[in-house]
Amino acid sequence: MSELLKKLAEDLYNGDAESVAALTQKALDNGLTPAEVLENGLIAGMNAVGKDFRDGILFVPEVLIAARAMHAGMRVLKPLLAESEIPATGRLVIGTVKGDLHDIGKNLVAMMMEGAGFEVHDLGVDVPAKEFVAAVKTKQPDVVGLSALLTTTMVEMKGVIEALRQAGLRNQIKVIVGGAPVTQKYAAEIGADGYAANASTAVEKAKDLLGIA
Ligand code: B1M
């Protein structure tokens, strides 16, 4: 990994939003691709945060500051992510399920879907099933994306799918699920149409399900 990306990851870990934005731009100016900067700079830094959070070395306030720095870097990347994609036509409603406040991964999925040409309606975090149902009625999406980062909230995804079924909307849309604790096996168990491990495969999965090349 280049020294620049190493420094980017370190500054993200330390929550220096200003430097993260500047180094993200510098890495791009030096010819690195948005995907390289994202994976080996921003996500690498956030993975180190996650590890030390788990091990009790970092606490919620530090993690929030690191998340703010991550967003600062993502704002720089946003116009470039998936820029080369051929625009798809499709509409996405996305949100992080009820009880869950994690939004970085969900925002990345939303950004890359937007970059791929999807019209994106982001419902935010802590979204109850009834809000997904209401959004499907009003926004008429082709795809509903559900994100969960906690083992305690991933069960909410099943509730959303069930609520969509009860409202008679399930057959109109494709449901894609993702987030660190979610697996293909879990997605199949709860009756989702697709699972994606990361933001770019979420775009591929959505296009696949809609039959867009
Ligand atoms: Co939280 N947190 N957190 N946290 N946090 C995790 C998830 C945890 C694994 C940390 C750890 O212990 N190592 C752990 C969960 C354990 C578990 O359930 N198995 C945890 C915990 C326990 C908690 C709290 C309970 C802590 C506490 O209060 N005691 C609390 C819960 C709050 C709540 O939600 N109710 C909490 C709070 C927070 C902060 C608010 C401080 C902050 C969130 C800030 C924010 O999001 N704005 C935070 C953070 C930042 C993390 C870690 C460190 C980083 C998450 C992240 O943004 N990763 C995380 C540790 C980790 O994941 N390594 C952790 C970077 C991001 C790019 O990756 O989100 O995985 P990710 O998204 C990926 C894929 O998962 C996928 O694509 C993305 C891009 O590649 N993806 C999808 C995501 N959604 C998708 C949807 C799709 C498709 C793909 O289709 C629709």
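User: Which element gives the most to the lining of the largest pocket, and with how many residues?
Analyst: That is α3, with 10 residues. A pocket here is an open set of points on a 1 Å grid over the protein atoms alone, where a 1.4 Å probe fits, with protein on both sides within 12 Å along at least five of seven lines. Lining residues have an atom within 4 Å of a point. Helices (H or I, at least four residues) and strands (E, at least two) are DSSP runs, numbered from the N terminus.

User: And what am I looking at, before we go on?
Analyst: This is a predicted model, where local features need pLDDT of at least 70, side-chain atom pairs count only at pLDDT 80 or more, and totals for chains, interfaces and linings use all residues. Residues are numbered from 1 along each chain as its sequence is written, and side-chain values use heavy atoms, with hydrogens and water left out.

User: Back to the pocket. How much space lies in it?
Analyst: About 1300 Å³. That volume is the space filled by probe spheres set on the points, with grid points joined across faces, edges and corners.

User: How many residues line it, and which lie nearest the centre?
Analyst: The lining has 47 residues. Met46, Ile104, Gly105, Lys106 and Leu149 lie nearest the centre of the pocket.

User: Which elements supply at least two residues each?
Analyst: Helices α3 (34-54), α4 (60-77), α5 (104-115) and α9 (199-210) do, and so do strands β1 (91-96), β3 (143-147) and β4 (174-178).

User: How does the lining divide into nonpolar, polar and charged?
Analyst: 33 nonpolar, 11 polar and 3 charged. Ala, Val, Leu, Ile, Met, Phe, Trp, Tyr, Cys and Pro count as nonpolar, Asp, Glu, Lys and Arg as charged, and the others, Gly among them, as polar.

User: Where does the pocket lie relative to the domains?
Analyst: The largest pocket lies between domain 1 (2-84) and domain 2 (91-210), because both give residues to its lining. The bounds come from an automatic or database domain assignment.

User: New topic, the sheet. What is the strand order?
Analyst: β2-β1-β3-β4-β5, an open sheet of 5 strands with parallel pairing. Two strands pair if DSSP finds at least two bridges between them.

User: Which strands stand at the edges?
Analyst: β2 (119-122) and β5 do. Each has a single partner strand, so one side of each is left without a neighbour in the sheet.

User: Take β4. Is it mostly covered or uncovered?
Analyst: Mostly covered, with 4 of its 5 residues buried. Buried means under 20% relative accessible area, exposed over 50%, and partly exposed in between (1.4 Å probe, protein chains only).

User: How many bridges join β4 to β3?
Analyst: 5, and the two strands run parallel. From β3, the chain crosses through helix α7 (residues 155-166) to β4, in a right-handed β-α-β crossover. Right-handed means that, with the strands pointing away from the viewer, the path from the first strand over the helix to the second runs clockwise.

User: What about β4 and β5?
Analyst: 2 bridges join β4 to strand β5 (residues 194-195), also in parallel. Val177 has Tyr195 as its bridge partner in β5. With helix α8 (residues 184-189), β4 and β5 make a right-handed β-α-β unit.

User: And how many bridges join β1 to β2?
Analyst: 4, again parallel. Arg91 is bridged to Glu119 in β2. β1, α5 and β2 make a right-handed β-α-β unit.

User: Now single residues. Is Ser147 buried or exposed?
Analyst: Buried, at 8% relative accessibility. Ser147 sits in strand β3. Its C-alpha is 6.0 Å from that of Val177, which is 30 residues apart in sequence.

User: Where is Gly99?
Analyst: In the loop between β1 and α5. Gly99 is partly exposed, at 48% relative accessible area.

User: What is phi of Asp126?
Analyst: Near 55 degrees, a positive value in a residue other than glycine. Asp126 lies in the loop between β2 and α6 (129-139). The residue is partly exposed, at 37%.

User: And phi of Gln140?
Analyst: Near 50 degrees, also positive. Gln140 is in the loop between α6 and β3, and is partly exposed at 48%.
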